[in-house]
Amino acid sequence: NAPTPVLRYAPQQSDRLQTVLNDLLLGPAPGSEALHLTSAIPSSTRLIGVSPNPLGTPGVAPSGPVTVNLSADFIEINGPSQVLAVEQVVFTVACDLTPTTRVLFEVDGVPQDVPIANGTSVNRPVAAADYGPLSCTT
């Protein structure tokens, strides 16, 4: 019940962040069960879009928040699993761009309140610092 960084190969593409988030939504890689790796994100969740989708270089973040638009399946969970699911997305964006990158969530294009580590819901962009220590390496 704690995020664990997992390095996965994502080919360098002009839509890098979209590629990385789509990879996250695929769930743990085959064979991960032996390592007890799971995902709090419902397997039916789909990425509708990400904006801005910074081109090319990891470690470069936009000046404003990154908006991640997900399908309605994402909000079918609640409680601690919802915190973990949001945290997975935030940490993935932070590890791909910068730890201070802020993430705004939408579901089917509608802005969403999201829980932070203490369980309270906030109506603002969230960052890795809202969830605890960030480790981008295994």
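Select Cys136 to start: in this predicted model, Cys136 is partly exposed, with a relative accessible area of 32%. Show the sulfur atoms of Cys95 and Cys136 and you'll see a disulfide, with the two sulfurs 2.0 Å apart. A search of the whole structure turns up one disulfide. Check the torsion about the S-S bond: for Cys95 and Cys136 it is about -85 degrees, so the disulfide is left-handed. Cys95 sits in helix H2, while Cys136 is in the segment after strand E6 (121–122), so the pair ties together parts that are 41 residues apart in sequence.

Next, stay with H2 and bring in helix H1, residues 16–25. The axes of H1 and H2 come within 10 Å and cross at roughly 145 degrees, and the crossing is right-handed. For the side chains, select Arg16, Leu17, Val20, Leu21 and Leu24 on H1; they meet Gln88, Val89, Thr92, Val93 and Asp96 on H2. Colour that contact by class and you get six nonpolar, two polar and two charged residues.

Last stop: Ala72, in the loop between strand E2 (66–70) and helix H2 (80–96). Which residues does Ala72 touch, leaving aside its neighbours within four places in sequence? Pick Val107 and Asp108: Ala72 is in contact with both. Finally, draw a C-alpha to C-alpha distance from Ala72 to Thr45: these two are 27 residues apart in sequence and 7.2 Å apart in space.

Notes. Residues numbered from 1 in each chain as written. Predicted model: local features only at pLDDT ≥ 70, side-chain atom pairs only at ≥ 80, totals over all residues. Heavy atoms only, no water. Helix = DSSP H or I, 4+ residues; strand = E, 2+ residues; numbered from the N terminus. Contact = heavy atoms within 4.5 Å. Axes fitted to C-alpha atoms, helices over the stretch in contact; angles between N-to-C directions. Left-handed = near helix turned anticlockwise from the far one by under 90°. Nonpolar A, V, L, I, M, F, W, Y, C, P; charged D, E, K, R; others polar. Disulfide = S-S within 2.5 Å. Buried < 20%, exposed > 50% of the residue type's maximum accessible area, 1.4 Å probe, protein only.
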